[in-house]
Every structure is written in structure tokens, then in C-alpha cells.
Amino acid sequence: MALERFEVFGDAERRRAQWARLSARLPELQRDNPFYRAKLPNAARDLRDLPFTTKSELSEDQAAHPPFGSNLTYPIERYVRLHQTSGTTGRPLRLLDTAESWDWWRECWQPIYRAAGVTARDRVFFAFSFGPFVGFWSAFAGAERLGALCLTGGAMTTTERVAAIMATEATVLMCTPTYALRLAEAAREEGIDLARSALRVSIHAGEPGASIPATRERIEKELGVESFDHTGATEVGAHGFSCSARDGVHINESEFIAEVLDTRTGEARDEGEGELVLTNLGRWCMPVIRYRTGDRVTAVRGSCSCGRTLLKLAGGIAGRVDDMVTVRGVNVFPSSIEAIIRRFDEVGEYRVELATVREMDELHCTVEAPAGIAERVADAIHRELGIRCKVETVASGTLPRFEMKAKRFHKTNV
Ligand SMILES: [Zn+2]
């Protein structure tokens, strides 16, 4: 596969190209965008001269200037689409796009599909309810731009989606990792083996699963596909994709500037471990500059076996910065627990509870699995994460099922 020029940029070339695009737009934002007029300095020589943008700033701005806030570069009649964040962390943010920025979203999907080998010959099924969340709308528009046949799975039950995938001979599946496994489970209940369907590729977002080897292998086995991870955010854009190496997610550095913030020192760097900070370079109607995504990543530079020099988030997005829990002094992300549990073929759905009992943290895990496996799961968690975890088995079908982002991690105080 031939790579685009931006995918093999050297460091200096990349920085020059990114700053050229950003700096060309700063005067317009200073003149026409009230939110950034108040934030941007008069003279900036490079990215690091610009201030960070946080979600709470955007949220407070929308509360102060309802309903869309003041991060608007153009008169409201130029805007054509509204999307919202899920609101899992605070009140939902409203994000607007113009025809031009929606076009940019579609273009941002092209490297994602290309890296997964999706072409105009594919039939892409979107197992998604098409609510206000932008992710799959933009993916749909991007697949249409690619020339693929786009099949909506909106307003369908899981069983109806399985039937639609079979009937239309869909070749590509778009959904959360959790929902891919749910589809396979529902298919089995109907006596259908999705591994024998026409599906050959799946692209997942919303959770890190497709970058967690054990989860990805399970999806690949149960659906008979090759699975890829994708990262994006309603406030920012469709920014990352996994390549043939599938050990993480590359950032599309043609359209996004990525930095990693060390949250202890406040220092932003080009790589390393910390919070992912992104600037988008094509949504000038409602831009984000140095936006603190809240996503915890380990970002590495250097060339990848796929040939790209794009920044890579090793293992995808580890979780939200505030998802991390500390169990008796050990930092744990829900994704590290998932990575272990998913390796046990006998385990279906699972749930993890962190309870603070008399000021001591206790980790408690419930798995749908045959009795007798509990000890093996607990041993693996202890061996690999260094924490003790009570594991309990329950019958298959006991725990809740999810369509969008799964909520398997719960915190309680006892
Ligand atoms: Zn790569």
C-alpha cells in the first residue's frame, strides 16, 4: 500500500507543515472567534506559546453563552450540523460543523479506512443507533466518500442487526468492541455463526478493546474478521487509526497536532506518557487548540513496521485520566484488567467493582463463566498487576449487555 506524504514526514517537516496551517488561521480566530479572541496571545512564534483548552472551559462557555457557546468563528447560519458529547463526564457539549468542516471530517476518515484495507468494493455495516454522538455519523459519511456501500444499523435490535449483516453480505463492521462480541453472542443464540459471514474487517471505537490483544483476538475469532482500532472525539475529530502492526493507534498528524502532557509537571512533550493533547487543523468553525482530551496515553515516535512515521499511541488509549484507580498503592486502568480477563475463553461478560471498605481498597470481579475458573483469573490478576482481586463466577446472561461504551467498572464506598 502506497503511503501518503504526511504519513512518512520527518520531525522537522511535520512541525513546519503543522505550524504553517495553524498560524495561517490564528489571525482569523483572533478577529472572529470570541472564545479564542479572549484566549490567544497577540504574538505566537510556535505552538507552545498558545494556551491549553480544557473541556470545562468549553462547558462553562456554553453555559455562559447558551446554547452553543462563543467558540464560533462564523455567523450561525453557516453551520449545518449539531453533535453532542455523551455527557458521561459532566453536561453534554454541543459541537457545530459547517459544510466545510463536515467535509474535513469525511477526509479524516480516508486514512483510517485505507489503513484497514477498506475500499469502494466494501459494504460497511454501522451497528449504531445514530443518536447525537458524532462518531459513526462521520464514519458513515467517510465511507460514502470512499465509495463503499453504506448500510445503517440504526433503530434495530441486536438480532435484527445480525440478520441485516447476513442478508446484505456486509464485509466491514463498525461498532464498539463490546458490541462486536454482543453481536456474535446474539448470532449464536439464533444459530448463526458470524465467523462464516461475509464480514472480513471490523473497525472499533469508543473503548480501547481493539488495541487490547486478548479482546481483539476474541473479536477476530468470533466474527472471522481482522479488527482495527480507531480513536476520535466529538470535540476534536476522527484522529487515530491502527495500522498493520496493530499494536496501537497512529495519530493523523496531517490534520491534528498531538502533544503529551505530563500532568504532574505541566510540561508538554512530543512523546512519552501522559494526557493526550490535540489541536485540530480543519475545523476552523469551532476549533480546539491544545485541547486536553483527558485520555491517558503512552505515545512513541520513530518509524513503525507499517512504514509510517506518525506518532503512535502504544496500546491505543489506555483509558481516561480519571479512570485510573489506585489499589493499595498500585495504579490500575480498567483496560489492564480487561487485557487479562479477556484471555480466558470461558469468560463472557464481566464486571469490576472497586470498593473502599474501611479506607482499604478492595477489587471485586464478577465474571460470567463456569465455576472453578475464579481462582485462575484471580491468580493472573495478582501475578500481572500485583493486586489481590476477589473473583466470583455467575451464570451466562446475568450481567448487563451494552451497545455503546460499556460500563463495567464501578466504584463504591462502603
Ligand atoms: Zn504503523
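Colleague: Which element gives the most to the lining of the largest cavity?

Modeller: The model is a predicted one, and its largest cavity has a volume of about 50 Å³. Residues of the lining are supplied by several parts of the chain, with α3 (55-64) and β2 (94-98) each giving at least two. With three residues, the element that gives the most to the lining is α3.

Colleague: How many residues of the lining of the largest cavity are charged?

Modeller: The lining consists of L58, D61, Q62, F68, N71, L93, R94, L95 and M286. By class, five of these residues are nonpolar and two are polar. The number of charged residues is two.

Colleague: Which element gives the most to the lining of the second largest pocket?

Modeller: The second largest pocket contains about 430 Å³ of space and is lined by 22 residues, with R188, R218, E222, V347 and G348 nearest its centre. The elements that give two or more residues to this lining are α7 (177-189) and α8 (213-223). With six residues, the element that gives the most is α7.

Colleague: How many residues in the lining of the second largest pocket are charged?

Modeller: Among the residues nearest the centre of the pocket are R188, R218 and E222. By class, the lining has three nonpolar and four polar residues. The charged residues number 15.

Colleague: Which elements do the buried residues of α8 pack against?

Modeller: The buried residues of α8 are A214, T215, R216, R218, I219, E220 and L223. Among them, R218 is also one of the residues nearest the centre of the second largest pocket. After α8 comes G224, with a positive phi near 65°. The elements packed against are β5 (172-175), α7, β6 (201-204), β7 (226-233) and α9 (334-341).

Colleague: Is E13 buried, partly exposed or exposed?

Modeller: E13 forms a salt bridge with R5, with 2.3 Å between the closest N and O atoms. R5 has 57% relative accessibility and therefore counts as exposed, the cut-off being over 50%. For E13 the relative accessibility is 24%, so the residue counts as partly exposed.

Colleague: How many residues apart are R114 and E7?

Modeller: A salt bridge joins the side chains of R114 and E7, at 3.4 Å from N to O. The pair links distant parts of the chain, R114 being in helix α4 (residues 99-115) and E7 in the segment before α1 (11-32), and the separation is 107 residues.

Colleague: What is the relative accessible area of E7?

Modeller: R114 has a relative accessible area of 23% and is therefore partly exposed. E7 is buried, a class that requires under 20%. The relative accessible area of E7 is 0%.

Colleague: Which residues do salt bridges that share partners join into one network?

Modeller: The search of the whole structure finds 39 salt bridges. One of them pairs D32 with R31, the closest N and O atoms being 3.0 Å apart; D32 is partly exposed at 29% relative accessibility, whereas R31 is exposed at 54%. The network formed through shared partners comprises D11, R14, R15, R48, E253, E259, D270, R290 and R301.

Colleague: How far apart in space are I251 and L310, C-alpha to C-alpha?

Modeller: I251 is located in strand β9 (residues 248-251) and is buried, with a relative accessible area of 0%. Leaving aside its neighbours within four places in sequence, I251 is in contact with H239, G240, F256, A258, L278, L310, L311 and L313. I251 and L310 are 59 residues apart in sequence, while their C-alpha to C-alpha distance is 6.2 Å.

Terms used:
Residues numbered from 1 in each chain as written. Predicted model: local features only at pLDDT ≥ 70, side-chain atom pairs only at ≥ 80, totals over all residues. Heavy atoms only, no water. Salt bridge = Lys/Arg side-chain N within 4 Å of Asp/Glu carboxyl O. Buried < 20%, exposed > 50% of the residue type's maximum accessible area, 1.4 Å probe, protein only. Helix = DSSP H or I, 4+ residues; strand = E, 2+ residues; numbered from the N terminus. 1 Å grid on protein atoms, 1.4 Å probe; cavity = no way out; pocket = protein on both sides within 12 Å on 5 of 7 lines; lining within 4 Å. Points joined across faces, edges and corners; volume = space filled by probe spheres on them. Nonpolar A, V, L, I, M, F, W, Y, C, P; charged D, E, K, R; others polar. Contact = heavy atoms within 4.5 Å.
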